[in-house]
Amino acid sequence: MLKRPELLIPAGGPEQLEAALLYGADAVYLSGNELSLRAKCDGFSIDELKAGVAKAHAVNTKIYYCLNAMPYNRQLDDVISMLKILPETGVDALIIADPGVIWLAKKHCPDMEIHLSTQAHSVNAAAVEFWKEVGVQRINLARELGKEDISEMIKRFPEMEFEIFVHGAMCLAISGHCLMSAWVNKRPANLGQCTQPCRFEYRGRRFNEISLTVEEKLRQGEDCWEIEQGDHFSAIFAPSDLCLVPYMDELVAMQPASLKIEGRTKSPSYVAQVTDIYRTALDIACIKQGIEPKFTPKRQDIDKEEFMLELFNSSGKNPRPLTTGFYLPERQDRKAPENYVPRPIVAKLVKQIKPNFYEVDVRSTWHKDKDASFLLPCMERPTVPSAKYTLYNHAQNEADTLHPGLRGYIQLEEGTLPETLPENIFIRA
């Protein structure tokens, strides 16, 4: 009998966790601000972690804690201290990459489930056999594997849980084993300090603009690498972001334990949008295959193109190209349409003050002449025309513009929306 794969969402801090829970995560992975591969995200203190676990468990969502850095000897005492604390927080599993940390986890918290990080670069059946003997319950398969290899691994080891990345940043190095940040900025990626210099924007100093498409000698006529630069800086080293949402039907049929999204350094609004998109796509695919969904979308005819446009919008004004990575035999890349006009997240709805009157936390400049779309779970996007709402500033004085970093208010014309809006949803305009 087919099962619904888990949707695993990143949370760099408490607000991202809140967004993930609201928009339908089955599980969330997070960390403190050290000993993980995202040391520059806000992370969770122990008290915040306990509170977050309680919130997640209240809505049947699991929490996985990342200890997936590659620690040096001088850091092992800190690792041991954290391992002794984590069982009392209630987290459901540990995500680990280093064999030494796995050994320490088995010693200091033997009852905790261990999930193997992508950093371990698991690409073959012998490695799976090894990690299974070590006591690992779940393996995140390397992004370098194609769908045939992934499917074969899942079928070969029905007793093992497998997790695959379906969306987000792809590292230039093998499963994240990159030295670029250490070389350029003296901040080692494998200690969680990656500054992502591959994603910095660069500009040539001896020319004004460049458009270069490279072909390789033995594959003449094929575009191998494309670099574009105008008058501004360009991210010439970074690959596209992985995106497998168009293949959700076959991903569900493949039956991995978990579909994972990258992004522990991303904003709460990004987490909200991407969680909502993949939750909706996953639930629609499950319904098609006779599997009980987590949510039941009112619209079950959302096509791949609409999902893709929503994903481009989640990345802001200059969205990165989306790619199938190594999933298909021949990579397929997709840029935002030429006529693409982003609709930014302008606010998060905090709470209802009175009927049709809501307090909002402003995230980017919000002009009154823009229609407002409310991001409800299951990709519902009720839109209120600009003529049917009024903005108020923090002092509750009517305003034409609200500015980021401040609280404001929105009053909807009576009857514009059929029901009370849930707290903590995001608003586009």
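## Strand pairing and the open sheet

Two strands count as paired if DSSP finds at least two bridges between them. In this predicted model, strand E17 (residues 372–375) and E18 meet that condition, being joined by two bridges and running antiparallel. Ser373 has Thr383 of E18 as its bridge partner.

Helix H9 (residues 268–288) packs on the sheet, where it touches E17, strand E14 (345–354) and strand E23 (426–428). The direction of H9 makes about 90° with that of E23.

The sheet is open and consists of eight strands with antiparallel pairing, in the order E18-E17-E23-E14-E15-E22-E19-E20. Strand E18 (383–384) and strand E20 (398–399) are at its edges; each has a single partner strand, so one side of each lacks a neighbour in the sheet.

## The chain as a whole

The chain contains 10 helices and 23 strands. It has 429 residues, of which 52% count as buried. Among contacts in the chain with a separation of 6 or more, 66% are between residues 24 or more positions apart.

## Strand E1

How many residues of strand E1 (residues 6–10) are buried? Five of its five residues are, and the strand is mostly covered. In a regular strand the side chains alternate between the two faces of the sheet. In E1 both faces are covered: Glu6, Leu8 and Pro10 are buried on one side, and Leu7 and Ile9 are buried on the other.

E1 is joined to strand E11 (residues 258–261) by three bridges, and the two run parallel. Within E11, Ser258 stands opposite Glu6. Three bridges also join E1 to strand E2 (residues 27–30), again in parallel. Here Pro10 stands opposite Tyr29 of E2.

## Phe44

Phe44 lies in the loop between E2 and helix H2 (46–58). Is this residue buried or exposed? The cut-off for buried is under 20% relative accessible area, and Phe44 has 6%, so Phe44 is buried.

Leaving aside residues up to four places away in sequence, Phe44 touches Ala11, Gly12, Gly13, Pro14, Leu17, Leu30, Ser31, Gly32 and Leu49. Asn33 is 11 residues from Phe44 in sequence, and their C-alpha atoms are 6.8 Å apart.

## The second largest pocket

The second largest pocket has a volume of about 540 Å³. It is lined by 21 residues, and those closest to its centre are Lys3, Arg4, Glu161, Pro256 and Ala257. At least two lining residues come from each of strand E3 (62–67), helix H6 (147–156) and strand E7 (161–168).

What classes of residue make up the lining of this pocket? There are 11 charged, nine nonpolar and one polar.

## The second largest cavity

The structure has three cavities of 30 Å³ or more. The second largest cavity holds about 110 Å³ of space.

Its lining consists of Leu141, Ala142, Arg143, Leu145, Ile150, Ile164, Phe165, Leu242, Leu244, Thr324, Phe326 and Tyr327. By class, 10 residues of this lining are nonpolar, one is polar and one is charged.

Notes: Residues are numbered from 1 along each chain as its sequence is written. This is a predicted model: local features need pLDDT of at least 70, side-chain atom pairs count only at pLDDT 80 or more; totals for chains, interfaces and linings use all residues. Side-chain values use heavy atoms; hydrogens and water are left out. On a 1 Å grid over the protein atoms alone, a cavity is a set of points where a 1.4 Å probe fits but cannot get out, and a pocket is an open set with protein on both sides within 12 Å along at least five of seven lines; lining residues have an atom within 4 Å of a point. Grid points are joined across faces, edges and corners, and a volume is the space filled by probe spheres set on the points. Helices (H or I, at least four residues) and strands (E, at least two) are DSSP runs, numbered from the N terminus. Ala, Val, Leu, Ile, Met, Phe, Trp, Tyr, Cys and Pro count as nonpolar, Asp, Glu, Lys and Arg as charged, and the others, Gly among them, as polar. Contact means heavy atoms within 4.5 Å. Axes are lines fitted to C-alpha atoms, for helices over the stretch in contact, and angles run from 0 to 180 degrees between N-to-C directions. Buried means under 20% relative accessible area, exposed over 50%, partly exposed in between (1.4 Å probe, protein chains only).
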